[in-house]
Amino acid sequence: MMSAVTPDKACKEIHKALVAKPLRTAPAQMPFADGLYFFYEQGEVSNHGPNGRIVRVGNHPRSQGGLVNRLRMHFSGNKNSSVFRRFLGGALLRKANPNDPCLAPAPGKGHWEKQDAKTCSCCGPTEARVSDLVRQRFAFRCVWIPDKNERNKLEALLVATLATCALCQPSSSWLGQYAYRKKVRASGLWNSQYVGDPTIDQLTLGHFLNLVAVSP
């Protein structure tokens, strides 16, 4: 039987362990090619992250050696290459104008927020705004996890756990308040997949903390 750990306690341990790892600001700074990444956003702090709370957990779930390329997609790709960029761009557009034509006909249905929908002439500047936002306001820490199945399992558990923590709430000015996905707004994470799923158990948490400790 798996031993239980509360999401709040697990969240505290996750933040505490990760803060010892290098905080990076560009994909080119990565020394390894397989692992999970944890984004931090300027101005977002919490009880467990007084110097910065985790605002997104990410992965390269279908490919080996894809961590650096995945980060590059977030920093300088396009909205169809990154759900993170679609969330950010949609929030920027909605904050400025809830009736922006790139968001019509409904939240998540407009061509900016819909996966694989073509952009219009107005979306070029939005892509540039998203790239500027990521470069100026986001940094990340990574944990080396070469095994794909292990990486995918941990991603799901970590997202669900961080999303459930009652002590790590977004600020009132967090841009994610304008995201179209309720799971983003409610969790304080730029994640929707795995939010509400089962959280991490004590044994798996201990294993993850060991992975963090030996990660470059």
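**Entry 1: strand 2 and its partner**

I started at Tyr40, which stands opposite Ile54 in strand 2. I am reading a predicted model here, so each entry below describes a prediction. Next I looked up how the two strands run: strand 1 (residues 35–41) pairs with strand 2 in the antiparallel sense, over four bridges.

Then I checked how well covered strand 2 is. Five of the five residues in strand 2 (residues 54–58) are buried, so the strand is largely enclosed by the rest of the structure.

In which order do the strands of the open sheet lie? I read the order as 2-1-3, with three strands and antiparallel pairing. Strand 2 and strand 3 (138–144) are the edge strands, each pairing on one side only. From one strand to the next, I note an average twist of 25°.

I also looked for a helix on this sheet. Helix 4 (residues 123–137) lies across strand 1 and strand 3, and helix 4 runs at about 70° to strand 3.

**Entry 2: Tyr37**

I picked Tyr37 next, a residue of strand 1. Is Tyr37 buried or exposed? I find Tyr37 buried, because its relative accessible area is 0%, and the cut-off for buried is under 20%.

Leaving out residues up to four places away in sequence, I listed what Tyr37 touches: Arg56, Val57, Gly58, Asn59, Leu67, Arg70, Leu71, His74, Arg141 and Cys142.

Which side chain makes a polar contact with that of Tyr37? I found His74, with the two side chains joined at 2.5 Å.

**Entry 3: Ser82**

His74 came up again when I turned to Ser82. Not counting residues up to four places away in sequence, Ser82 touches Arg70, Met73 and His74. Arg70 and His74 are also among the residues that Tyr37 touches.

I placed Ser82 in the loop between helix 2 (67–76) and helix 3 (83–96). Although Ser82 sits in a loop, I find it buried, with a relative accessible area of 0%. What does the side chain of Ser82 reach? I traced it to the backbone nitrogen of Arg85, at 3.1 Å.

**Entry 4: Ile200**

Ile200 counts as buried, because its relative accessibility is 3%.

How far is the C-alpha atom of Ile200 from that of Val5? I noted 7.4 Å, for two residues that are 195 residues apart along the chain. Val5 is also one of the contacts of Ile200, together with Ala10, Leu157, Leu158, Thr161 and Leu205, once neighbours within four places in sequence are left aside.

Tyr37 and Ile200 are 163 residues apart in sequence, and their C-alpha atoms are 17 Å apart in space.

**Entry 5: backbone checks**

I went over some backbone angles in the loops. The peptide bond from Ala104 to Pro105 is cis, with omega near 15°. Pro105 belongs to the loop between helix 3 and helix 4.

Asp116 is in the loop between helix 3 and helix 4 too. I noted a phi near 70° for Asp116, a positive value in a residue other than glycine. Asp116 is exposed, with a relative accessible area of 57%.

Tyr194 also has a positive phi, near 80°, and is likewise a residue other than glycine. I located Tyr194 in the loop between helix 6 and helix 7. Tyr194 counts as partly exposed, because its relative accessibility is 22%.

**Entry 6: the whole chain**

I counted seven helices and three strands, and along the sequence they follow the pattern α-β-β-α-α-α-β-α-α-α. The radius of gyration is 17 Å, close to the 17 Å that the globule rule gives for 216 residues, so the chain is as compact as a globular protein of that length. The C-alpha trace spans about 50 × 35 × 30 Å along its principal axes.

What share of the 216 residues is buried? I have 51% in my notes. Among contacts with a separation of 6 or more, 72% come from residues 24 or more positions apart. The accessible surface is about 10100 Å², and carbon and sulfur atoms make up 53% of it.

Terms used:
Residues are numbered from 1 along each chain as its sequence is written. Side-chain values use heavy atoms; hydrogens and water are left out. Buried means under 20% relative accessible area, exposed over 50%, partly exposed in between (1.4 Å probe, protein chains only). A polar contact is a pair of N or O atoms within 3.5 Å; within protein, one must be able to donate a hydrogen and the other to accept it, and residues adjacent in sequence count only if both atoms are side-chain atoms. Contact means heavy atoms within 4.5 Å. Two strands pair if DSSP finds at least two bridges between them. Axes are lines fitted to C-alpha atoms, for helices over the stretch in contact, and angles run from 0 to 180 degrees between N-to-C directions. The radius of gyration is taken over C-alpha atoms; the globule rule is 2.2 Å times the number of residues to the power 0.38. Accessible areas come from the Shrake-Rupley method with a 1.4 Å probe; for residues, only the protein chains shown count as cover.
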